Amino acid sequence: MFENDSIHAFQRATPKRTHEPNMSSMATSTKDDFIMDTNNSSIVSKRSVEKLYYAGQPEYFRYFVNKFKRRSPLINRGYWLRMRAIEHTVQRFLEEPTTKRKVVVNLGCGYDPLPWLFLGKLPHLCNNATFVDVDYAQLMERKCEVIDRTEQLKVLLPGLKLTGRDHGLLAHSTNYAAIGCDLRNLDLLTLVLQNHLQIEDCSVAILFVAEVSVAYMTRDASQAVLEWAARYSDVRFCLLEQHLPDGADHPFAQTMLRHFEKLHTPLHAIGTMDEMKQRFMNAGWLARKVDIKPLWDLWSDPDFLTADQRRALDKIEPFDEWEEFALFGSHYFLLVARKTDEDPSDVQSDLSSRPTADPTHVKIPTSARLKSDDEDDSSTSSEDHVTLVTAIALSGPHFPRRFAAAFPTDNRQSESAGLLAGLGTKERLSTADTYTPADEVLPLFGPPLSHGLMCHTITAFGDGTDCLLVGGRMSPNAASSACWLRRDGHWSQVTSLPEGRYRHAAIQVGPYTRAGAMDSGVLVIGGKTSDGRVLADSLLWTEIRGWVTLRSDGRLPPARFGANITPQSPYVLGQIFGGMSDEGVILNDIWSWSMEDDGRIRYDEGNVSLVSLADGLLRHKISRFGAQICFSGPRSIDGLGVLIVGGITGRGMLARDTEIMDLDDSTEFRIVGHRPLLVGHSLVDRLVLGGGATCFSFGTHWSQSCLLSFDDMLKQRATRPWRLAHADIPHSKLSTEGQPVSAVTHGDAGALGLTAALETVPRVNLADEAAFRSVLDAGKPVILTGCDIGSCTTKWTNEYLKNSIGHDRDIVVHVSPESKMDFQTKNFTYETQRFGPFLNAVSAGSKLYLRALSTRSPSEAPTNIRTDFPGIAPDFILPEALSFITEHQHSSPLRISGPVTMWLHYDVMANILCQIRATKRLLLYPPFDVSAFGIPPGASSSSIDVFTATSTTHPQLAFTHPHEVLLAPGEILYIPPLWLHTATPTEGVSVAVNVFFRSLDKGYAAGRDVYGNRDLAAYEKGRRDVKGIVKGFECLPEDVRKFYLERLVQEMRELSGL
């Protein structure tokens, strides 16, 4: 709840009143307090944006926030867009060529430092401008106190004076004024503005700014503000606030309205954009000079944002919440109204066209009323071209998932459907749910995924029971390349994608060669990679050939992800449309595709067979991102054609009448009954499974799965209702390559001969040093959260590293011809390379690995990032809670890895792995599992690749105790001494810093230990002693030697207590 959370920065006790207030004034004061609280969290969110998205620029929000708090990527980007909209409007006003004095009045400003953003960053635009902050008196008093004690703010306000008043003009300078005034007291505000700034003078141009402020006022009070502002002769009004593009019963709108009602700050004046424009007209503004757009439309407006500006945002932090961002942007608008003294005649002509009703009493339509969950608008009349479709919520329990993938039954005699993986209420999931209308059904299982997955595809082919799972992601910068085939009810891992991707388009294709080969396959187009690249390639998977990159001699569709793909019989041609480009905008082009006889793929723009696709007027409705497709053919929907369901468009927001469309004849369906949020959902014929969205800072809405009824079969469906039959069934998570695997519980894994079940390493919120001492005492790996490791997580881009470390600096790297490095067989070489070319090669996918060495004495001394990489060392810090590590540090190697797996090994010293870029997957084993890995005496590494090992190749692993970690940027993994571990980056370039430290008081081997993995002194001495003991029995017969050595082994066990 970031818009109204409980952060109370710079609050102080309200002065005691000299008289007893009446109940009415107390109620008003309480409401005002709630409204003022909205400022406290809003400013914290804007500070998060300032620090991350405005790096290298002067910072002013920081002075009004006592502690930085990083918001989620969705909140950051939403607030960035809000801030951009306001700043863009103010800048355009300041750039207007005029000799008039300009005044920018921020109504309901809160702690927003709008004046300083321009005085400090664009001073050349402020030579003839004055900025005015207006808000409640007690809030403005606190703001003035901050300004007065902060030199960085005062220096930009020449001649600043505090008046000492408790209302009215509280502070002023030559270019700034702070006014404490309730916006309901327009008489006072008018008086102060006129007395101090002569704002009514014809030589003054005014811009009023109201960012989510008048929305909290009653409709009458907010209308009075609009009318008051229109009295001035040369004035503009910039209004940014919420609206209801599809009524108050839209799931996002419901979540938003309930949020503000719960916090006692209802949005009294909220309505539609048309209503808001009419209110401005009623207040005296010209219709043709009132420009209003949703923020989502502004996002793709080239006059507002360039393509490069949008691309730059993705480099700041990984982002994939596009549907949720679009929902937010569609429920906020920017209105800019203009009224000048140059066209008074237009005012009269415009007034004559306005309604004669009381301008302060615009009726709110029924759709703007917040409805209960039991209500729907099925009685609402619809246009002739709109067909009704009934959404019937599934009976029984509801298990939330979104961005999962639906898959069909594995038995043609059974009516059921599965939903695999996706995002749950707390984490990404790896399990499957089963839906059915039958009384009893066997559960459907997914493959034994080793981690949660979302934004993947599952495509049925052949007879409809075989299917292929392709790609997906963990985090937005951790795409998966893994693929799984289900055949006869069993899943087996098949050839991986050439490169991990998610949000790709996938579809079944049939025989496509003149030779008449009957093997079906799956066509994959586009998608997005771990490093943010948007792909344009076309891949074909068949069971015989695996993945093949298809060639095309003609033009290719632009790169895209989240696109829609449709087929035509016999599944060798179709269309691809929609999706998003690397510019962050939804594409509006349409391409046909066809499989050629020579194995190529042909694309043709505009040559489409779907009626609505050929109609340019409808393109914006069907050019969607994140939609789902129901198509005709063997899995036809009662004669309906190709349906597109849900998602988002690049212009406006899909409404109840346009969320479902028939692409064959342009029929639009109005949803009645249950109202699902068609985002993150999956389809199996008529079933809409899962879905939902994080509704900005207002909460999360989870859609209940439902059945879509298009015909007169409603009564029949009601007698056999679909339901969730099995939910969240656990199974073995460890991948097994090359053999069929059934999903089983952890307890059954050993009985079926699989490798051991995985245990997830827990996450611990590290509060202080004592908490870390407890972690050390426990002696088990944990992921430490809530730790600040410095600016490295945002700064350490390739260019920054090359500039800071040195493009031509020599480094020693591991060069491997294979993706799995083996220290025992030495299947790699050490090479000296220049850092810049090394980093370029790693980024291009070369199998290289850097484990930094000491620059002073690489063979004698351990590395230290402070001395070996001074250019980047200040960016990496350890929090105070880890002071024990700092005090007992041995070394701190920098690690940069391409697509290579580090060998399984143990370290004698404890260490922490601080992940900085990309996500890394690790498997760890406790020390008592060491005998299962064939580690030679005196060595510390194994040749077994546990990521691919199976029960057939290494049956002893079934009795081990693996622990799994997916380590994301900014997270710290504590690895206790002697725990075996191996790591592999999920995709992209992995950057991390390892810090080794001594956790034992004594016992370490004396002398040189460069890597921190030299065995303890007692073990090294014991090995020497063992050699002497064995040598003493060499002259004896074998049976005698064996007798006594076994007795000695038993004696050692008894003495040691093992």
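I shall take a sheet and then a pair of helices.

The model is a predicted one: local features need pLDDT of at least 70, side-chain atom pairs count only at pLDDT 80 or more, and totals for chains, interfaces and linings use all residues. Residues are numbered from 1 along each chain as its sequence is written, and side-chain values use heavy atoms, with hydrogens and water left out.

The sheet is open and has four strands in the order β14-β15-β16-β17, paired antiparallel. Strands here are DSSP runs of E of at least two residues, helices are runs of H or I of at least four, and both are numbered from the N terminus; two strands pair if DSSP finds at least two bridges between them. At the edges lie β14 (457-461) and β17 (490-494), each pairing on one side only. From one strand to the next, the twist averages 25°. Strands β15 (residues 466-470) and β16 (residues 483-487) are joined in the antiparallel sense by four bridges, and V470 has C483 of β16 as its bridge partner.

Now to the helices. The axes of α19 (residues 798-805) and α20 (residues 835-843) come within 9 Å and cross at roughly 165°. These axes are lines fitted to C-alpha atoms over the stretch in contact, with angles from 0 to 180 degrees between N-to-C directions. Therefore α19 is roughly antiparallel to α20, a term for angles over 145 degrees. Contact, meaning heavy atoms within 4.5 Å, involves N798, L801, K802 and I805 of α19, and F835, G836, L839, N840 and S843 of α20.

Notes:
Parallel < 35°, antiparallel > 145°, perpendicular 65-115°, else oblique.
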